[in-house]
Amino acid sequence: MRILIYSYNYHPEPIGIAPLMTELAEGLVKRGHQVRVITAMPWYPNSAIFPPYEGKLYCTETHKGVKIQRCYVRITKNRNLINRGLFELSFMVLSFFQALRGWRPDVILLTVPGLPVGIPAALLGALYRCPVVLNLQDILPDAAIHVGLLTNKIAIYIFTALEKFNYRIATKISVISEGFTENLLEKGVNPDKIVLIPNWVDVHFIQPLPREDNQFRRDHGLEDKFVVLYAGNIALTQPLNKVIDAAGFLTDLPDVVFVIVGEEDALQPLRQRCRQKQLDNVRLLTFQPREQLPEMLAAANVGLVVQKKNVISFNMPSKIQVLLASGRAILAAVPSKGTAAMAIRASGGGILIPPDDPRALAEAVKLLHAHPEEVERLGERGRRHAISTYAFQHALDRYEMLFKKLVQPQQTLAAVGHQAEGVRSEK
């Protein structure tokens, strides 16, 4: 099959949807399919185009058999509504013309966020007469409205209309959790359109490596420490300030250290908070190269997942699958009825505490610190669950099967059309 993946995040961006789409594209190529990716110049998570790509309108490259077609996006660190609109508009328009430069796809996979790219994807689907699969990584604008990121009534109307448009033009909609399915059904989406394919983790790349003789621990003075690790996006839905406050309750345990790994600009307010509280049991580090991720995860005793108490229920952080695969116990400060909590309960690999409660977080860390055998048991259960539920090969099988089911009827119709043309020409 010829598969076109439409995603504004891709390799070499280190976190978020980029690693997932990269693994999917490369996995499909290994199975003999042709894949090209329409994406932006790399910009995430620093909100700045990576230096090798600066000043370019378009570029095309090949990485591990995948043809990557990039376009310029208007990106800035000042994240207001106008700048977000310019970002979406620039990608929507420029990516469409880039997508026309290449072979005709049999199927298009479109990732969301963001919503406006549904327009060029719909045009391409009509032009090439091929199915469009909408992959929902978040449900917009619901999530943005819920946490207060989107308040402008006109913008809400536009994005709601785009959401409905995307659901309407999609041949199938792949969702990453049952919470997404419930949300779409409440909005009247045909259940026959919806396919559940959870996000995945490469369980061969992410493994439970030993904590002893760990380079990450040596590099950051963490040897003989009980490490509580948060690594990933730091935004409005992740209250890392509460983690700093929790560290303040644990200064009587000198071997307990909180390690927070994120984007430098997002770390600055946390550095200020640590200085104000005069804490020396917190390490704030910038993102590591992706190839060092398994070693970094292995340095942890416990992995953190944190959400605000008002986060929308279907939010499902991809770091859950990664932490489970790493064989590290999860401590999750998340809403008890949300999708994240349900996933952690099902895994048996973590414990849940109320969100936005630094003292509860501190007490949970103290409990785990006092029971290392339970920490190990949680990690082992999580690893087993990751292999059985979130292994990349399972997701790859499902996407490949979905694409084949959609493409075969199209190919059959095309063959019938060619036969009919042959009959008419003979007459």
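In what order do the six strands of the open sheet stand? Here are some friendly notes on that and on the salt bridges.

1. The model is predicted, with local features needing pLDDT of at least 70 and side-chain atom pairs counting only at pLDDT 80 or more, while totals for chains, interfaces and linings use all residues. Residues are numbered from 1 along each chain as its sequence is written, and side-chain values use heavy atoms, leaving out hydrogens and water.

2. The order is β11-β10-β9-β12-β13-β14, with parallel pairing throughout this open sheet. At the edges stand β11 (282-286) and β14 (350-353), each with a single partner strand, so one side of each has no neighbour in the sheet. On average, neighbouring strands are turned by 25° against each other, direction ignored. Strands here are DSSP runs (E, at least two residues), and helices are H or I runs of at least four, both numbered from the N terminus; two strands pair if DSSP finds at least two bridges between them.

3. Looking at one pair, strand β10 (residues 256-262) runs parallel to β11 and is joined to β11 by five bridges. Gly262 stands opposite Thr286 in β11.

4. Now for the helices on the sheet: α9 lies across β10 and β11, at about 160° to β11. Helix α14 (residues 372-390) touches β9 (226-231), β12 (302-306), β13 (329-333) and β14, and its direction makes about 90° with that of β13. Contact means heavy atoms within 4.5 Å; axes are lines fitted to C-alpha atoms, for helices over the stretch in contact, and angles run from 0 to 180 degrees between N-to-C directions.

5. The whole structure holds 17 salt bridges (a side-chain nitrogen of Lys or Arg within 4 Å of a carboxyl oxygen of Asp or Glu). One of them joins Asp245 and Arg273, at 3.0 Å from N to O. Asp245 sits in helix α8 (residues 240-248) and Arg273 in helix α9 (residues 264-277), so the pair ties together parts 28 residues apart in sequence. Asp245 is buried at 13% relative accessibility, and Arg273 is partly exposed at 26% (buried is under 20% relative accessible area, exposed over 50%, partly exposed in between, with a 1.4 Å probe and protein chains only).

6. Two further pairs are worth a look. Arg104 and Asp106 meet at 3.8 Å, N to O; Arg104 is partly exposed at 39%, whereas Asp106 is buried at 17%. In the salt bridge of Arg381 with Glu374, the closest N and O atoms are 3.6 Å apart; Arg381 is partly exposed at 31%, and Glu374 is partly exposed at 24%.

7. Finally, a network of salt bridges links Arg31, Asp397, Glu400 and Lys404.
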